[in-house]
Amino acid sequence: METTARGAATVRGDRAATGRFRRRRGASLESRVIWWVFFLCAMLSVLTTVAIVFSLLSQALSFFREVGVWEFISGTRWTPILKPRSYGVLPLVNGTLLVAFLAAIVALPVGLATAIFLAEYAPDKVRRIIKPALEVLAGVPTVVYGYFALTFVTPQLQRVFPDMIVFNALSAGIVMGIMIIPMVSSLSEDAMISVPRSLRQAAYALGATKLETSVKVVVPAALSGIVASFILAISRAIGETMLVTIAAGATPRMTANPLDSIQTMTAYIVQLALGEAAHGSLEYNTIFAVGLLLFVMTLCMNLLGYWVVRRWRQAY
Amino acid sequence: MNDDAPIFEVSSLSLYYDDFRALKDIDMEIRRYAITALIGPSGCGKSTLLRCFNRMNDLIPTARIEGRILFEGSDLYHPDVDATEIRSRIGMVFQRPNPFPKSIYDNVAFGLKINGYRGDIDEAIERSLRQAALWDEVKDRLKDSALELSGGQQQRLCIARALAVEPEVILMDEPASALDPIATLAIEELVRELSESYTIVIVTHNMQQAARVSHETAFLMAGEDRSGYLVEHGATSQIFTTPKSERTEAYITGRFS
Ligand SMILES: Nc1ncnc2c1ncn2[C@@H]1O[C@H](COP(=O)(O)OP(=O)(O)OP(=O)(O)O)[C@@H](O)[C@H]1O
Ligand SMILES: [Mg+2]
């Protein structure tokens with residue numbers, strides 16, 4: 001014991017004495033430069049966030065100088081361009097949540113089932129096919145999904161619902177659900193894979209089947225990660241723009257009927273931004289009010305997601 | 001069933017992990033209502049052999065067996081045998097305590113629920129926790145997370161969880177090796193008590209432990225080819241006082257490990 005300790009001390013002494021390990025000259029300047037490079041890169045995202053919030057806030061503020069916050073938040077008629085003008089944002093929120101809800105109905109069960117399959121059932125060969133396929137699905141540009149909804153899914157749905165109009169929440173919701181499946185499945189799968197093998201063994205040793213082990217042990221143990229994946233995916237659905245602009249319509253409306261044409265918050269922003277409204281006009285400033293609300297909603301969802309992960313994380 | 005008939009009869013059992021033969025031609029019988037200790041140097045295949053008894057090796061895709069194990073007189077590996085049913089009759093306790101990240105109550109209830117227990121679940125849970133000598137320590141906090149228990153308590157919870165299913169056999173793979181000496185003694189005492197109503201097969205690295213708790217001892221070793229084989233099996237008193245094989249004697253007296 002003692003000799004080892006002394007041996008180690010000698011080695012350290014040697015290093016200092018012979019200088020074999022002395023730092024290269026200039027290394028400290030180099031490391032300071034590198035520190036700054038990395039720091040500035042990291043700051044870029046922080047600064048961008050600050051800039052976005054600032055511009056949203058300042059323009060939204062000029063909107064709220066003319067329209068009351070309460071009128072905006074609780075009004076059920078959204079006609080900022082047509083007379084009589086009305087600035088109740090709820091129809092847009094309704095449209096956004098309806099599509100997100102439909103997307104969740106598709107994506108949560110399918111994504112979770114996919115994750116269970118990949119983490120617990122799939123042999124390596126099958127996994128090697130499905131995982132890249134999911135990555136491709138995640139990489140498809142959203143405008144492609146939009147046209148897929150409009151030109152493929154909607155006509156199919158119209159066979160079932162002949163009265164349904166071309167632009168509708170259902171088609172956009174379903175395709176949005178498909179679009180966010182990879183998000184749910186890959187995050188959930190990661191959470192499930194990190195559940196220790198010893199828990200699975202414990203379940204099997206009690207006579208559990210594979211399904212019981214997956215559903216009653218692995219999924220609950222991975223629940224924080226799974227719930228977080230749900231929240232983040234829904235947050236993504238709320239913020240998604242292109243798909244709903246193309247396929248869901250441009251009719252702000254209070255409705256729970258998926259067959260209706262609706263307009264989401266994001267689609268409204270696109271519509272107005274591309275329109276003729278003059279910069280600085282009240283009309284134009286509506287997009288900042290809507291954008292601010294959207295930002296707050298997705299921010300809350302993301303914070304909730306992180307909170308769930310931290311609060312419920314198992315320390316096996 | 002005749003109490004004198006062995007509960008397991010192993011004949012010419014070999015186990016392969018891919019091409020590697022981890023067990024070679026094992027022949028042995030496991031006595032009913034006795035504690036059988038499996039001892040031997042690290043890597044000789046004790047855990048592998050133990051997992052053959054409840055078909056846990058089925059979960060390792062590369063594992064494949066030859067030979068035969070009879071459980072209560074019938075072939076354990078017959079194609080018609082349902083491995084999950086077997087595992088509810090032959091329980092297992094692992095080296096590291098592995099409670100589910102659920103409440104103490106739900107840990108014990110798990111096996112009952114998946115096996116469609118029809119009686120009073122609360123009663124069964126109390127009985128199992130008492131059997132595992134844990135009841136007094138946890139009766140006021142059954143809804144607390146099992147992960148808040150100490151290592152020794154967790155291991156007794158895992159034993160309670162296995163007992164709740166009312167198995168006939170309990171397999172234990174070094175159940176006390178992750179515990180301190182006092183928790184170890186508690187587990188040993190528990191194992192002795194349980195042997196009145198259960199058949200127990202226990203793997204241990206600890207010679208004194210084998211000598212203290214077991215009725216029978218089987219000594220395994222790995223040969224030149226790293227395949228594990230059975231050197232000697234007999235009453236624990238005989239193995240530890242008058243071993244037939246020199247290799248057994250050398251091992252138990254600590255001349256090699
Ligand atoms: N899943 C596996 N795949 C391949 N080889 C394995 C596997 N499990 C064990 N082995 C090998 O089989 C042999 C026996 O392993 P086993 O774990 O049964 O030994 P053991 O006697 O329990 O050792 P220890 O006392 O260290 O726990 C070892 O050579 C080991 O490397
Ligand atoms: Mg082992």
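**Entry 1: a threonine in chain A**

I started with A:Thr245, which sits in helix 11 (residues 242-247) of chain A. Helices here are DSSP runs of H or I with at least four residues, strands are runs of E with at least two, and both are numbered from the N terminus. A note before going on: this is a predicted model, where local features need pLDDT of at least 70, side-chain atom pairs count only at pLDDT 80 or more, and totals for chains, interfaces and linings use all residues. Residues are numbered from 1 along each chain as its sequence is written, chains are lettered from A and ligands numbered from 1 in the order in which they are written, and side-chain values use heavy atoms, with hydrogens and water left out.

The cut-offs are under 20% relative accessible area for buried, over 50% for exposed, and partly exposed in between, with a 1.4 Å probe and protein chains only.

Next I looked up what A:Thr245 touches, not counting residues up to four places away in sequence, and found A:Ala267 and A:Val270. Contact means heavy atoms within 4.5 Å. A:Val270 is 25 residues away along the chain, and its C-alpha atom is 7.5 Å from that of A:Thr245.

**Entry 2: two serines in chain A**

I then turned to A:Ser188, in helix 7 (residues 169-193) of chain A. A:Ser188 has a relative accessible area of 0%, so it is buried. Leaving aside neighbours within four places in sequence, A:Ser188 is in contact with A:Ala115, A:Ile226 and A:Ser229.

**Entry 3: other spots in chain A**

Which residues of helix 8 (residues 197-205) of chain A are buried? I noted A:Leu199, A:Arg200, A:Ala202, A:Ala203, A:Tyr204 and A:Ala205. After helix 8 of chain A comes A:Gly207, with a positive phi near 95°.

I also checked a proline: the peptide bond joining A:Lys83 and A:Pro84 is cis, with omega about -5°. A:Pro84 is in the loop between strand 1 (78-79) and strand 2 (86-87) of chain A.

**Entry 4: helix 4 of chain B**

Over to chain B, where helix 4 spans residues 121-131 and has B:Ala124, B:Ile125, B:Ser128 and B:Leu129 buried. Seen down the axis of helix 4 of chain B, these buried residues fall within an arc of 130°, so they line one face of the helix. The arc is taken from the directions from the helix axis to the C-beta atoms. A reminder to myself: an α-helix has 3.6 residues a turn, so residues three or four places apart point the same way.

What covers this buried face? I found that the cover includes helix 3 (104-114), helix 5 (135-138) and helix 6 (151-164) of chain B.

At the N-terminal end, B:Asp120 caps helix 4 of chain B, with a side-chain oxygen 3.0 Å from the backbone nitrogen of B:Asp122. After helix 4 of chain B comes B:Ala133, in the loop between helix 4 and helix 5 of chain B. B:Ala133 has a positive phi of about 55° although it is not a glycine. At a relative accessible area of 42%, B:Ala133 is partly exposed.

B:Arg55 is in the loop between helix 1 and strand 4 (63-71) of chain B, and at 11% relative accessibility it counts as buried.

**Entry 5: around ligand 1**

Last, the ligand. Of the 15 residues around ligand 1, those that come nearest are B:Ser42, B:Gly43, B:Lys46, B:Ser47 and B:Thr48. A residue is near a molecule if one of its heavy atoms lies within 4 Å of it.

Which part of chain B supplies the largest share of this shell? Helix 1 of chain B does, with four residues. Strand 2 (20-30) and helix 1 (46-53) of chain B each supply at least two.

An N or O atom in the side chain of B:Thr48 is 2.4 Å from one, and a backbone N or O atom of B:Gly45 lies 3.0 Å from one. For B:His205, a side-chain N or O atom is 3.1 Å from an oxygen atom of ligand 1.

Technical notes
Polar contact = N/O pair within 3.5 Å; in protein donor to acceptor, adjacent residues only side chain to side chain.
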